[in-house]
Amino acid sequence: MISIQNLEFKYSKKQPPLFHNLECELQAGSIAGLLGKNGAGKTTLLKLMVGLLFPTEGKVNIMGHEPAKRQPSLFQDIYFLPEEFYIPGVSIGSYVKANSGFYPRFDQTLLQQLISDFELPETKSLQKLSYGQKKKFLISFALSTKCRLLVLDEPTNGLDIPSKSVFRKVVAGSLDEDQLVIISTHQVKDVENLIDRILMLENGKFIMQKDIFDISALLNFTTSSSPEGENILYSEMVPGGYKVITPQANGGSNVDIELLFNAISHGTEKMKDYVQ
Ligand SMILES: Nc1ncnc2c1ncn2[C@@H]1O[C@H](COP(=O)(O)OP(=O)(O)OP(=O)(O)O)[C@@H](O)[C@H]1O
């Protein structure tokens, strides 16, 4: 569904490229987590995918289209929820009436269900909702568009604790096989047990692109009383001991995404063979 080849992008001619020779393939039926430190280029990459920025070199292909051409036939099948958004002072009904027509597969019944799941109040003006409530409305709208590509930039920022678990439930529960969701986030706990592929950006490149299933087949995430040992690839002190990563020996464990992110971004030599 997404094919990125040899992508180079720079914000200004004078600066070195933010991405150089970036390559990525993503298929429908997946929820991908885009991770990276501040400034790694996550938002920029999302904007390149949805046609808000244009590559300086290389190709971005989404469902057979170049998003930079901004064709309506593609845009009716892409929904981008930015981290910072504007929402007008109209009722939910008016907003939906004005915007749902852009999306041929829009599902009104799903929208009502999601509004209820997120316990959003009836309101005459969306602007009177809190930041988190506005975000929950836009997440509900995004999922209801049924677009084949949903791009969500930091969707759980501003959501309270119960809403984060509702978010995981509704995203997992409302997707069809022909949809792809890309979630850029720092809140990795919020997307644990939701994403099935990890994309990790650093220094203009993907330092990891792997399915969670494959990671859990390779690496074991466990605890230890000691930070070092023959099999320990990476360790972090926690109260009462250490969280550690070891090579997988027992055939699968839950992936601790935060621990994995720290292990890879600290660049431990021992992890190298497992992440490429
Ligand atoms: N409009 C812009 N003009 C020039 N440089 C920009 C612009 N937007 C972003 N940048 C630069 O591009 C780099 C990547 O920014 P981007 O917002 O894509 O990172 P990010 O990974 O989303 O960061 P964060 O996690 O902090 O949101 C940063 O160094 C940033 O300063």
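Let's start with one residue. Ala40 is buried, because 21 other C-beta atoms lie within 10 Å, and the cut-off for buried is 20 or more. Keep in mind that this is a predicted model.

Where does Ala40 sit? It is in the loop between E3 and H1. Now look across to Leu201. Ala40 and Leu201 are 161 residues apart along the chain. Their C-alpha atoms, however, are separated by 6.1 Å.

Ala40 also takes part in the shell around the ligand. Which residues make up that shell? They are Tyr11, Leu18, Gly36, Asn38, Gly39, Ala40, Gly41, Lys42, Thr43 and Thr44. Sorted by class, three are nonpolar, six are polar and one is charged. Helix H1, residues 42-49, gives the largest share, with three residues.

Next, the sheets. A general point before the details. Strands of a sheet pair through backbone hydrogen bonds, and the pairing is either parallel or antiparallel.

Take the six-stranded sheet. It is open, and its order is E5-E6-E7-E3-E8-E9. The pairing is mixed. Which strands stand at the edges? They are E5, residues 78-81, and E9, and each pairs on one side only. From one strand to the next, the twist averages 15°.

Let's walk through part of this sheet. Strand E3 covers residues 30-36 and runs parallel to E8, with five bridges joining them. Within that pair, Gly33 stands opposite Ile198 of E8. On to the next pair. E8, residues 197-202, and E9, residues 205-211, run antiparallel and share six bridges. Here we meet Leu201 again: its bridge partner in E9 is Phe206. E8 and E9 form a hairpin with two residues between the strands. In that hairpin, Asn203 takes a positive phi near 50°.

Now the other open sheet. For a closer look, take E1, residues 2-9. Five bridges join E1 to E4. In this pair, Ile4 is opposite Val60.

A quick word on the record. UniProt, in an unreviewed entry, places the feature "domain: ABC transporter" at residues 2-228. Over that stretch, the chain is 31% helix and 27% strand. The C-alpha atoms at its ends are 41 Å apart.

Strand E11, residues 234-238, pairs with strand E12, residues 241-247. The sense is antiparallel, over five bridges. Met237 has Tyr242 as its bridge partner in E12. Two residues lie between the strands, and Gly240 takes a positive phi near 90°.

Last stop: helix H9, residues 257-265. Which of its residues are buried? Ile257, Leu259, Leu260, Ala263 and Ile264 are. They cover an arc of only 160° around the axis, which puts them on the same side of H9. An α-helix has 3.6 residues a turn, so residues three or four places apart point the same way.

To close, back to the start. Ala40 is buried, and it belongs to the ligand shell.

Note on methods
Residues are numbered from 1 along each chain as its sequence is written. This is a predicted model: local features need pLDDT of at least 70, side-chain atom pairs count only at pLDDT 80 or more; totals for chains, interfaces and linings use all residues. A residue is buried if 20 or more other C-beta atoms lie within 10 Å of its own, exposed if 12 or fewer, and partly exposed in between; C-beta atoms are placed from the backbone. Helices (H or I, at least four residues) and strands (E, at least two) are DSSP runs, numbered from the N terminus. The arc is that of the directions from the helix axis to the C-beta atoms. A residue is near a molecule or strand if its C-beta atom, placed from the backbone, lies within 6 Å of it. Ala, Val, Leu, Ile, Met, Phe, Trp, Tyr, Cys and Pro count as nonpolar, Asp, Glu, Lys and Arg as charged, and the others, Gly among them, as polar. UniProt positions are given in the numbering used here, feature names are shortened, and annotations may be inferred rather than shown by experiment. Two strands pair if DSSP finds at least two bridges between them. Axes are lines fitted to C-alpha atoms, for helices over the stretch in contact, and angles run from 0 to 180 degrees between N-to-C directions.
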